[in-house]
Amino acid sequence: MQAPSVVSAKDLCLTYQANDGPVRALSDVNLDVRKGDFVSFIGPSGCGKTTFLRVIADLEKSTSGEISINGMTPEEARKARAYGYVFQAPALYPWRTIESNIALPLEIMGYGGADRARRIAEALDLVSLSGFEKKFPWQLSGGMQQRASIARALAFDADLLLMDEPFGALDEIVRDHLNEELLKLWTRTNKTICFVTHSIPEAVYLSTKIVVMSPRPGRVTDVIDSTLPADRPLDIRDTPEFLEIAHRVREGLRTGHSHEV
Ligand SMILES: Nc1ncnc2c1ncn2[C@@H]1O[C@H](COP(=O)(O)OP(=O)(O)OP(=O)(O)O)[C@@H](O)[C@H]1O
């Protein structure tokens with residue numbers, strides 16, 4: 001039996017009205033993200049990856065087509081706190097400690113002292129940052145700051161995590177480490193994750209499903225279901241199966257480009 005649908009997009013279009021004319025950021029996107037999926041969105045700059053996450057999060061409105069999140073409209077899902085959002089840059093408040101950064105959305109949502117403290121401790125444990133509660137963001141490395149912002153998105157325990165290129169600014173060794181940790185976290189929590197990346201190895205390593213996109217207009221050109229096992233040590237990246245999926249992603253990206261005239 002198929003897992004229930006978490007994000008369902010049907011013929012979804014979004015056109016921005018820019019100063020120099022309309023920009024078709026999303027064109028006829030049809031996609032189903034199911035509970036427990038780890039879905040990566042990959043494609044060149046401007047293909048609409050961020051726009052798609054922003055539509056899910058109700059930060060942009062689609063121009064036409066349909067989208068539902070756990071059967072709700074984006075607005076209903078936002079009000080129900082159906083997702084956590086991790087941005088490209090950690091976006092932590094420098095004057096707040098790590099624990100009070102994580103507490104912020106919980107305060108806004110009205111969680112009381114003891115419940116809040118428990119949730120902060122659990123979220124910090126999930127990203128291996130226990131012991132850093134009292135530090136300020138500038139006292140942590142870039143990778144640790146990004147882990148803290150993941151903890152903030154996890155703290156209110158939404159089933160859906162939207163991650164917009166969270167590791168793009170980090171060096172490769174830190175990124176490898178965080179990729180491993182994110183996979184463990186995903187296995188432990190059984191969350192549904194939508195993850196934007198520019199990196200083919202990152203997409204293949206992390207995902208159960210890879211959505212290849214292409215620009216002008218932004219559209220989905222391929223959806224690849226991964227055949228890799230759930231248990232993925234980093235050296236799985238040297239296996240023929242991994243390289244085969246990476247090859248298909250690369251081909252998808254290349255085919256998308258050939259439409260660009
Ligand atoms: N607020 C806006 N107004 C006008 N055009 C926009 C706006 N936001 C995005 N765009 C355009 O829409 C297209 C899709 O942008 P989007 O940021 O979703 O792409 P992306 O695939 O996430 O790119 P990147 O990988 O560079 O982050 C681009 O051509 C971009 O210039």
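**Two domains**

Start by colouring the protein by its two parts: domain 1 (5-82 + 161-258) and domain 2 (90-157), with bounds that come from an automatic or database domain assignment. The centres of the two domains, taken over C-alpha atoms, are separated by 25 Å. Residues are numbered from 1 along each chain as its sequence is written. This is a predicted model, in which local features need pLDDT of at least 70 and side-chain atom pairs count only at pLDDT 80 or more, while totals for chains, interfaces and linings use all residues.

Now look at where the domains meet. Domain 1 and domain 2 put 10 residues each into the contact, where two residues are in contact if their C-beta atoms, placed from the backbone, lie within 7 Å. On the side of domain 1 that touches domain 2, select helix 6 (residues 172-189), which gives the most, with 4 residues. That side of domain 1 has 8 nonpolar, no polar and 2 charged residues. In these classes, Ala, Val, Leu, Ile, Met, Phe, Trp, Tyr, Cys and Pro count as nonpolar, Asp, Glu, Lys and Arg as charged, and the others, Gly among them, as polar.

**Overall view**

Zoom out and switch to cartoon. The protein has 8 helices and 9 strands; helices (H or I, at least four residues) and strands (E, at least two) are DSSP runs, numbered from the N terminus. The C-alpha atoms fill a box of roughly 55 × 45 × 40 Å along the principal axes. The radius of gyration is 18 Å, which agrees with the value near 18 Å for a compact globule of 261 residues; this radius is taken over C-alpha atoms, and the globule rule is 2.2 Å times the number of residues to the power 0.38.

Two strands pair if DSSP finds at least two bridges between them. Strand 1 (residues 5-18) runs antiparallel to strand 2 and is joined to strand 2 by 10 bridges.

**Around the ligand**

Which residues come nearest to the ligand? Of the 13 residues around the ligand, they are Y16, A25, S45, T50 and T51; a residue counts as near if its C-beta atom, placed from the backbone, lies within 6 Å. Strand 1, strand 2 and helix 1 each supply at least two residues of this shell, and helix 1 gives the most, with 3 residues. By class, the shell has 5 nonpolar, 7 polar and 1 charged.

Select strands 5-6-7-3-8-9, listed in their order in an open sheet with mixed pairing. Strand 5 (83-86) and strand 9 are the edge strands, and the twist averages 15° from one strand to the next. Strand 6 (residues 160-164) and strand 7 (residues 192-197) are parallel and share 5 bridges; L161 stands opposite I193 in strand 7. Helix 5 (residues 142-154) lies across strand 5 and strand 6, at about 165° to strand 5.

**Two backbone details**

Most residues other than glycine have a negative phi, and most peptide bonds are trans. Select N70, in the loop between strand 4 and helix 2 (74-79): phi of N70 is positive, near 50°. Last, go to P217, in the loop between strand 8 (209-214) and strand 9 (219-225). The peptide bond from R216 to P217 is cis, with omega near -5°.

Note on methods. Axes fitted to C-alpha atoms, helices over the stretch in contact; angles between N-to-C directions.
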